[in-house]
Amino acid sequence: MDDRIVRFAFSFVITLALAAGISYARLLRVPADYQTLQSAIDATRAGDTVLVSPGIYRENVVIDTSNITVASLILITGNPHYIDSTIIDGGGNDCVVSIEVIRGGCTLRGFTIRNGGGQNFGGGVDCQYGSPILLEDLKVTGNTAISYGGGIYSRTGVTMRRVSIFNNEAGRYGGGIAFRGREVLMEDCSIFRNRAGTSGGGFSNVIEGGGSTLRLRHCLIHSNEAPVAGAGLFFFCSLTLDNCTIADNFSRGEAGVAGVFVDDADRYPVVFHNSIFFGNQGHQVGFGACEYVGEVEIPFISYCDIEEGLDSIRNPNAIEINWGAGNIDAAPQFVNPNEGDYHLSRNSPCIDAGDPDSPPDPDGSRCDIGWKSVREYAVLYGSTLDAANGLPLADVHIIDDSRRRVRTGLDGRWLLRSIPGDIILTASKLGYNDTTFVVPAEDGDSLLVDIRLSHPEFNISQREISERIPAGDTAERSLTIANNANGRLNWRADIHLSGEYGVEEWSLIDTIPAGRMLNDGYLQGVTFADDIFYITRGTEGVPQIILLDRAGQELRRYNQPVFSRYGFANIVWDGGRFWGACGDTLFEMTREFEVSRRFHIDFNHSRISIACDAANERLWLCGTTTAVYTYNRDGNRFGEPIPNDNLRIYSLMHWADDPDGPGIYIANLAFDGFQLLKIPDGSRQIEFMRYLPYSENEFVLCGCITDNYSRVRTYTMINVIGRYANLGGDRIDIRALEDIPRWLSVAPVEGSLNASSQTDITLFFRTIIGRENFCLPLGLYTGEIRFAHNALSGLTALPAELTVVEPVTVSDESQPIITNMQISTIYPNPFNSTAVVRFSLPEASMVNVALYDVRGAKREARSGWFKAGEHSVTIGGQTGMSVPPGGRSILPTGVYLLRLQAGEWTAARKVVVLK
């Protein structure tokens, strides 16, 4: 078997397994659990599936739960016959299915939708709200609308696949389907024998563009009727037709355009590609112009078969047309258009005449022009069986090399129509080995193919792992993986650790619901220094700066020294001072946010983002729509402003140690997320770095990049994420910019085992991690090793924990008598929050402990009575002089002098604090 096929299949199985492992969705069956569709839909919650058995359901259904699927048994069988046998009948007095999902989308699949009417919009399906809406494997027929969209009406984003819309009628526009605004994508759909009272017998939009976009791929539009224009399609919006056939549509209007009529075609992009326009009464294509002032769009036509060529395009305003390569004017030779068969005959001039740069046809040949080519498909059928016991296997996915697929039922049987030739079949089922083989077939063959699948087993020698290691040490542990079944086992190990040790770069490692905790909806930016979040807050009154600890608990508030309603968009810390800007002024401030200096800047803006490079004493400032300006800490601008390339800049952040070179990072809003852009130091060019997805209605505000947040001294990006109060309020997101080294690893990380074999793997535990050889603090660390494999469960989790204990000291009864005060160890050193100092006393004494910073200021002091001998004391805790309101030590990163004094004896050592 091709190794590439094996790897692909294994990856597919693992993806299914992981998806199944995190799913909490429910299956609601009709009529087994609920008598009606509506009662089942009313009982759903997001993620649920309503599965409908064959029958006629005389209902007018409203779908108003987000992210649900309503489907016939085609969902689990792939059998298209369930479309005809599962019918929703609207009774003629209302829309059959109304989709009113306020947030999120839904899927409707595998029904015949008929007999809807009495409404202005959408007799069969009315997509009112929700995106994305997915309509698949539907027949929409016999529906009417007073005004628009006899079969389907949409006022939101919709994707349709394998939908047939026929014998519907609308009083005005869009006998088959009409839409207004947003985007509609149709693939492998057919629209035929529909009628409209004015224009767009098959398909139409109903108001001027406004961002509307229609894309049709591999669609058939035929035998529709409209009295005015555009019996097939009538539009004034962005329109793309790719591999479509528009034929035999009929219009009696003065425009005389029965195929496709695009009004205002010089305003909206129009592309016709690989498509057929033939047999439509009058002109095949029509373009109208408007008095649009702005950049003119030029319709583009390439690799199309248009009856009478350019002469059949009605263009009264003589707008420019880009007549591209590959266009022909030849009878397409449909198989039997009188019976609705618009496949190409084998001698059609449209075969292998499409764009050579388009994806090839399923048989691997050059793309054809038009909807579909005729194929004398070979029929493959058979059973799938367990190779060990011969029992039938359900839910086996069988796919051919042209991506046609079926899934077996409870009896294990399957049937697949495939393109003749050497057909490559792959059968896969969760927990079983994929099998791939070649079936030679000719046109019209009917071949019996039985498939037997073997299965592996995943067994591991231990159910959990627990290690105790002294700080500074490492440990190894061996495990055995065994496969005791008859199929080949493929496995991969991934480490998932709790907390901050063991996360991937750019992953979200922490989030703090600051807006909800503070009951505040005006948060704007955040910086992190001395283990504290400093958050800027705009307000109706005096803007503030709020101090939060790591847990999100408020420590203190300061009023900002500005008179603007919004105040600072952000502040930065340069190691000695805070900086912020507002209006046309740059402020230098103390820790208590008292202004030490003010500087006039070269622009004026109500919301100024600021970034800092403390090492080179540089500041960067910009407004949302201004250029980026550079200043030193004396308020002097240097260099020319950096153009913003028409971006809306919501945050500036500087990363001095960026592995790709230091530079300024820019957060710019994008669709459903934000772009992270970069200006390399010394450059004036803005480069795209990455896209970070965020949910709808979330936007990224100011933040910072720091190496003080993670205890292992790796870099993080911290931002305020704006959200409306009814969606949970503003929050702070912290992302790891580097892959944080792990305290647990495994080797090898993947492997493959034949039946009835086993292998050993090794686990490595370490307590020294990070780029500065940081030692894990004493305590318990937890995580798990997740083994993804192709055995039945698909995923096996092995809990793992590490307990870091104090270093082992060897007792030596012959050690000398203590004659002087001595500091024996300080652990850890460097430390983040606390360290343990071990010392010895020659006699009982009052011991004074003090911690001084490099300026000689006493930052911590305590005293106590100790007997002669070995003792320990903790420094950096919550009882020192450096404790602010809130009770948390805020010793900043730096070098300190530790001094112990007892009577005439003294001892001193240097210690380092790293945040």
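Cys 244 is buried, at 0% relative accessible area; buried means under 20% (1.4 Å probe, protein chains only). For Cys 702, the closest cysteine sulfur is in Cys 622, 8.2 Å away, again too far for a bond. Cys 702 is buried too, with a relative accessible area of 1%. The structure holds zero disulfides, a disulfide being a pair of cysteine sulfur atoms within 2.5 Å.

This is a predicted model: local features need pLDDT of at least 70, side-chain atom pairs count only at pLDDT 80 or more, and totals for chains, interfaces and linings use all residues. Residues are numbered from 1 along each chain as its sequence is written, and side-chain values use heavy atoms, leaving out hydrogens and water.

Now the whole chain. It has five helices and 81 strands, taken as DSSP runs (helices H or I, at least four residues; strands E, at least two) numbered from the N terminus. Of its 915 residues, 53% count as buried.

Next, a pocket. The lining of the second largest pocket has 19 nonpolar, ten polar and eleven charged residues. Here Ala, Val, Leu, Ile, Met, Phe, Trp, Tyr, Cys and Pro count as nonpolar, Asp, Glu, Lys and Arg as charged, and the others, Gly among them, as polar. Strands that each supply at least two lining residues include E51 (523–529), E65 (699–706) and E80 (894–902).

Notes. Buried < 20%, exposed > 50% of the residue type's maximum accessible area, 1.4 Å probe, protein only.
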